[in-house]
Amino acid sequence: GIVGVFGYGGGIVGRYSDVPAQFPGVEHFHTLRVAQPSWLYYTTENLRALMDLWEKYGSGVTNLHGSTGDMIFLGTRTENLEPLFWDLTHDLGQDLGGSGSNLRTPACCLGESRCEWSCYDTQEICNHLTQHYQDEIHRPAFPYKFKFKFPGCANDCVAAVARSDFSVVGTWKDQIQIDQAAVKAYLNGDEGYPVNGGAHKGGDWGPFDIQKEVFDLCPTQCMWMEGDELKIDDAECTRCMHCINVMPRALRPGKEKGASILMGAKAPILDGAQFSTLVIPFIEINKENDFEEVIDVIEKVWDWWMEVGKNRQRVGETMQRVGLPTFLSAMEIEPLPQHVREPRSTPYVFWKEEEVLR
C-alpha cells in the first residue's frame, strides 16, 4: 500500500485527503487493522490498553469489528505508524491483521468454549493457522485477498459460507442423536421445553406443530413420526441444523464429528456476490497433528490459484472462470453428488476420451 510499517506489506490501509488545505485535521487518516483474539474474547484491561494506545497515536475512533473480525483503528498520521506498531507489539503483545492481496486475519465462532453444537475446536484451529501463516497475513503475495473462517456447525455464526474463500464448517458423519422422551415433551408443550430454545418466548404462537415447524421446513423432507416416535432418514439429511435449533433438548449432532470444506464465497466486487461451493463433504479435524489434513487442502488451492488466478480475482471467481470440473481435477478430488448445485439443469461431468470404455 501507500503506507505501512517496516517489514509488513499489510495491516494498514492508507488514507489521504484530496483537499488537505480545507480539512487539515484529516490530511492523513490511515486505518489500522489489529488482529482479534479467537472469537473476540477480550479482558477489560486489554480493551482499556488498546483504547489508551489509540487515543495517544490516533483519532480514538474504532470499529469493532470488520467482516473478517479485525479491530479497526480509524484515523492516524503517517509519522505515528511506527511508534504505534512498536507499542502494540511490544507492550500489548498484539499484532496487525491482514489487508491487501494476502491472507486476511482468520476468524471463528466461539466453538466449544461456549456452544454445545460445535463439532470441532474452532478456536484452536483458528489460533493455530493464524500463527502458522503470519507471513501470508502480513506480506501480500496472492492475486487478491483470501479469507479463512471456522464455524463449528452449519448455523455458521461467522457468515463463512457467504463471505469466506475457505470455510471449515463443523458437521458429523453418523446419525443425529434423538431423545424420544424429549420429543414427546415438545409435542406435549411441557414446561421447560420451549421450541427454538425459547427464542419465541412471550409471543402467542399457538401450540407447537412439528409437521409445520420442522418436517415441512426440512430441506430434504427426511423426518417423520411413526406413532409417537421421531424417525430420521440420516442418509438424506444435509446437516442443516434446523431441527436441532427448533428442538435443542431432543436432538443433537452425531458423535462422529468433523467438518465440511467449502470454497469460493465473496461479496460483490468484480463478478457479483456468490456463496461457497462444497468441495470436501467431510474431513477429520485433528489437533494432535496440527491440522495437517486442512493445511494440505489450503496449500493445494493456493498453489493452483496463484498459478491460474488473475490479478484482483478471488478464488471463487477463478473457480467460476475455469469451471468446476477443471478445479476438482487440479485439486485431485473425485466428482461427488454433493458437488452438484442444480441437478439435471447444469451438468458439469464430461468424460475424457480415454475414460470411455469401448
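Trainee: How many salt bridges does the count come to?
Mentor: The count comes to twelve salt bridges, a salt bridge being a side-chain nitrogen of Lys or Arg within 4 Å of a carboxyl oxygen of Asp or Glu. This is a predicted model, in which local features need pLDDT of at least 70 and side-chain atom pairs count only at pLDDT 80 or more, while totals for chains, interfaces and linings use all residues. Residues are numbered from 1 along each chain as its sequence is written, and side-chain values use heavy atoms, with hydrogens and water left out.

Trainee: Why is the pair of arginine 314 and aspartate 165 called a salt bridge?
Mentor: The N to O distance between these side chains is 2.9 Å, so the pair is within the 4 Å limit and qualifies. Arginine 314 lies in the loop between helix 9 and helix 10, and aspartate 165, 149 residues apart from it, in the loop between helix 5 (160-163) and strand 7. Helices (H or I, at least four residues) and strands (E, at least two) are DSSP runs, numbered from the N terminus. Both arginine 314 and aspartate 165 are buried, that is, under 20% relative accessible area, where exposed means over 50% and partly exposed in between (1.4 Å probe, protein chains only).

Trainee: What makes glutamate 256 and lysine 173 a link between separate parts of the chain?
Mentor: Their closest N and O atoms are 3.6 Å apart, so this pair also meets the 4 Å criterion. Glutamate 256 is in the loop between strand 11 (251-252) and strand 12, and lysine 173 in the loop between strand 7 and strand 8 (177-178), so parts 83 residues apart in sequence are tied together.

Trainee: What makes a set of residues the nonpolar core, and which members of the largest core touch the most others?
Mentor: A nonpolar core is a set of buried Ala, Val, Leu, Ile, Met, Phe, Trp, Tyr and Cys residues joined through side-chain atoms within 4.5 Å. The largest has 38 residues, and Phe146, Phe148, Phe166, Met263, Trp302 and Phe327 touch the most other members. Helix 9 (292-308) is among the elements that each supply at least two residues, and its share, eight residues, is the largest.

Trainee: With what is phenylalanine 327 in contact, leaving aside its neighbours within four places in sequence?
Mentor: Contact means heavy atoms within 4.5 Å, and phenylalanine 327 then reaches Met263, Val279, Val301, Trp304, Met319 and Val322.

Trainee: Why do strand 9 and strand 10 count as paired?
Mentor: Pairing requires at least two bridges found by DSSP.

Trainee: Why are strand 1 and strand 3 called edge strands of their sheet?
Mentor: The open sheet has four strands in the order 1-2-4-3, with antiparallel pairing. Strand 1 and strand 3 (58-64) each have a single partner strand, so one side of each is left without a neighbour in the sheet.
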